[in-house]
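Q: Can you walk me through this one? I have some quick questions.

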Amino acid sequence: NGALGEVWNEEMSSSMLGKRLRKVVQNFQAMNKYGVRYPGPESAARRSKLSGPELLCQIKEMVQIATLTPDMEPFSGLPLASQLPPRQITADIGPFKTCAVVSSAGSLKNSGLGKEIDSHDAVMRFNAAPTTGFEKDVGSKTTVRLINSQVMASEDHHFLSSSLYSAGILVSWDPGPYSSDLREWFNKTDYPIFKQYQRYRRLHPQQPFYILHPRMEWQLWQRIQDNMVETIQKNPPSSGLLGTVLMMSLCEVVHVYEFLPSRRKTELCHYYQRFSDAACTLGAYHPLLYEKNLVKRMNKGSNHDIYTHGRVTLPGFTTFNC
Ligand code: C5P
């Protein structure tokens, strides 16, 4: 729709990136840090392309939403077990009617979407994304915050003491091995997620805090690779996609903001920082480009919604049959 301007092209490929970023992506595509063993795009190319509803069904049926519980090995014998929530997140929270997932993209700046975001029953935010001072554009409600282990461990985020993390339910994740073997992961996390989790729980014992099962990352990764015609980075999906799928299991309808960039699209990485890099929107380590292709295909809303609001509409898993 030329007159309205371009929205995300769901056939986006690494060949459409600028020279520098293309090289970075290609380097990540050649690495296999987590021991991924999965058929490449040759097998995807032989199948016919799935429709949006078929894709939604694949994700609903093949991606298990799971968090760590005290009965799982090797945690059951460790002090950590007494700090883990006894039940799955999906058993404890929701179901919500409408949910907002707020990407941290720079294109949220000057969006004026705050009121609309806050009108949802539940709002998910990511990592160090603040609301204070940005209410007009991103709202002020935080129901769930999904954080990666890097944010938990890095000195400059002050994860243990900053009030940024004290609102809502926390969910954390760390890239696990492709095998999803919990013992293997426990002995070799990317960042010290368990140490930081235990420290945080001791300081804030009342705040609900879950850890995602690494299996979910790779099951979702397989759905992305299976539906793309090129080799994707052998790294877990971004927090944005992990959170979106988690919310699809807790909500009847999920509105995702500025994951597919609106007319405000910008190289500004985050709405809350003055740092610019196209890799934030297009991916480098994460297969973010391909995540966006998939979300575009599943979108139930209009291209106009994407263009003006950066808004995608996805149905909750309980609202459709496969
Ligand atoms: O950078 P961070 O991971 O904290 O941002 C949260 C999520 O928002 C990302 O995982 C990504 O899915 C999405 N994002 C985006 N474009 C940006 C910045 C973030 O799609 N420019």
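Q: Which residues are closest to the ligand, and how many surround it?
A: This is a predicted model: local features need pLDDT of at least 70, side-chain atom pairs count only at pLDDT 80 or more, and totals for chains, interfaces and linings use all residues. Numbering runs from 1 along each chain as its sequence is written, and side-chain values use heavy atoms, with hydrogens and water left out. 15 residues surround the ligand (a heavy atom within 4 Å). The closest are Asn127, Ser238, Cys269, His270 and Lys292.

Q: What is the distance from the His270 side chain to an oxygen atom of the ligand?
A: An N or O atom of the His270 side chain is 2.7 Å from a ligand oxygen.

Q: And Ser238 and Lys292, how far from a ligand oxygen atom?
A: For Ser238, a polar side-chain atom lies 2.8 Å from one. For Lys292, a side-chain N or O atom is 2.8 Å from one.

Q: How much of the ligand does the protein bury?
A: The protein buries 90% of the 440 Å² that the ligand exposes alone (Shrake-Rupley method, 1.4 Å probe).

Q: Switching topic. Which residues touch the most other members of the largest nonpolar core?
A: Val171 and Met247, in a core of 66 residues. Such a core is a set of buried Ala, Val, Leu, Ile, Met, Phe, Trp, Tyr and Cys residues joined through side-chain atoms within 4.5 Å. Buried means under 20% relative accessible area (1.4 Å probe, protein chains only).

Q: Which residues does a second, separate core include?
A: That core has 31 residues, including Leu182, Phe209, Tyr271 and Tyr272.

Terms used: Buried < 20%, exposed > 50% of the residue type's maximum accessible area, 1.4 Å probe, protein only. Polar contact = N/O pair within 3.5 Å; in protein donor to acceptor, adjacent residues only side chain to side chain.
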